[in-house]
Amino acid sequence: MENLHCKLDKKCGGCQLMYMPYEDQLRYKQKLVDSLLSKYGKVNRIIGMKNPYHYRNKVQAAFGWDYKRKKCISGVYQSNSHRIVPVDDCLIEDRKADEIIVTVRNLADSFKMKPYDEDANTGFLRHVLVKRGFTTNEIMVVIVSATPVFPSRNNFVKALLKEHPGITTIVHNVNPYHTNLVLGTQNKTLYGRGYIEDELCGCTFRISPSSFYQINPVQTEVLYNTAIEYAQLTGSETFFDSYCGTGTIGIIAAKKAKQVLGVELNRDAVRDAIANAKRNGIKNIYFQCGDAGDFLTAVADEGERFDVVMMDPPRAGSSEEFLKAAIKVKPKRIVYVSCNPTTLARDLGYLTKHGYKAERIQPVDMFPHTKHVECVVQLRCTSR
Ligand code: SAH
């Protein structure tokens, strides 16, 4: 495999390891995981990508104004700053998504649409977000503006569709807030259904503008298949999918379990999870909106049990409350999916002191060229 180089590497800061050949990146990540986790169990060899480029199927760009050239620019914020680094194509982003963003930028100029200026609090266009279904090829474009009135809206939509007839839905999102978040809370569908669908591990999932969905579809299948294999389901288990997002892991697992319960803090994600379960005809799954730690504590206090606990917390890892409750509920197996080996090591420290043994540890390279590494750990209860 040829190693490609990015001309914006130093300016953008998004791909911390791009300067290394891919094989060396994998070695680096392996060493990192080994050093943090090998005291808990044997670490398997990291699963990398055959083609580690253009894997990101969710791409977003910030818009600004080039005062010298009197033109719109689009790209990424330089790390730790609010300066926009212009980007037309990126080695890790979906090619089609990048093309669409360039088209939106050119259209913005020809429609005399002013980008938003954060300091002056003037202008319209803030961000463009593109999501693409890897299997379905459906494409969603979200135009994020600072103000609600979209000038020449219908003509803009027509012109964008003319250049990219593959776009299946266009959404207008309004974000008037002084915030780092890309999306505001208000969505208006301008074309199509307002969401796209994609397939993973034989199930179909809805992706809406704000819902969390793994951004590397090829490796997500690897990650989910590993997580479900580690759950060792036979059809008779009760399965707790904590931090479940839009229900992906639980829905895939439901075919092999007796009953699944998913808990998730984000209300929109729960709504999508319920729709996803319905869409796949899964009847033995329930979802609850709330804090996973609070929920599992209540379950433990009532003396209820789960056979398998799946956990996929954000970068900060799990809470002590959650881990305490997990131990009390005493599942046969805990499968921990983690995007941060440092907090994973901390949480494994706790679980292995309280009756669990890490049987298998599998690193997966979900984000080639960046410093991030994902891991799946299978833990077995030693007293059940
Ligand atoms: N398992 C899902 C989502 C993982 S991302 C997937 O693979 O797609 C982590 C999720 O945890 C996010 O959806 C986030 O909203 C949710 N989350 C964060 N803190 C939480 C908490 N305290 N309780 C429950 N869910 C939480």
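In which sense do strand β1 and strand β2 pair, and over how many bridges? I looked this up and found that β1 (residues 58-66) and β2 (residues 71-77) pair in the antiparallel sense over 5 bridges, where pairing requires that DSSP finds at least two bridges between the strands. I noted that strands (E, at least two residues) and helices (H or I, at least four) are DSSP runs, numbered from the N terminus.

Before going on, I wrote down that this is a predicted model, in which local features need pLDDT of at least 70 and side-chain atom pairs count only at pLDDT 80 or more, while totals for chains, interfaces and linings use all residues. Residues are numbered from 1 along each chain as its sequence is written, and side-chain values use heavy atoms, with hydrogens and water left out.

**Hairpins**

I then followed β2 to β3 (residues 84-86), which it meets antiparallel through 3 bridges, with V76 and V85 as bridge partners. That hairpin has 6 residues between the strands, and N80 takes a positive phi near 60 degrees.

**The open sheet**

Next I traced an open sheet of 7 strands, with mixed pairing and the order β12-β11-β10-β13-β14-β16-β15. Because β12 (285-289) and β15 (356-364) stand at the edges with a single partner strand each, one side of each is left without a neighbour in the sheet. Within this sheet I checked β13 (residues 308-311) and β14 (residues 333-338), which run parallel and are joined by 4 bridges, with V309 opposite I334. I also recorded that helix α7 (residues 267-279) lies across β11 (259-264) and β12, running at about 170 degrees to β12; contact here means heavy atoms within 4.5 Å, and angles run from 0 to 180 degrees between N-to-C directions of axes fitted to C-alpha atoms, for helices over the stretch in contact.

**The ligand**

Finally I listed the surroundings of the ligand, where 16 residues (each with a heavy atom within 4 Å) include Y224, E264, D291, A292 and D312 as the closest. For polar contacts (pairs of N or O atoms within 3.5 Å), I found a polar side-chain atom of D291 at 2.7 Å from a ligand nitrogen, and an N or O atom in the side chain of D312 at 2.8 Å from a nitrogen atom of the ligand.

Methods: A polar contact is a pair of N or O atoms within 3.5 Å; within protein, one must be able to donate a hydrogen and the other to accept it, and residues adjacent in sequence count only if both atoms are side-chain atoms.
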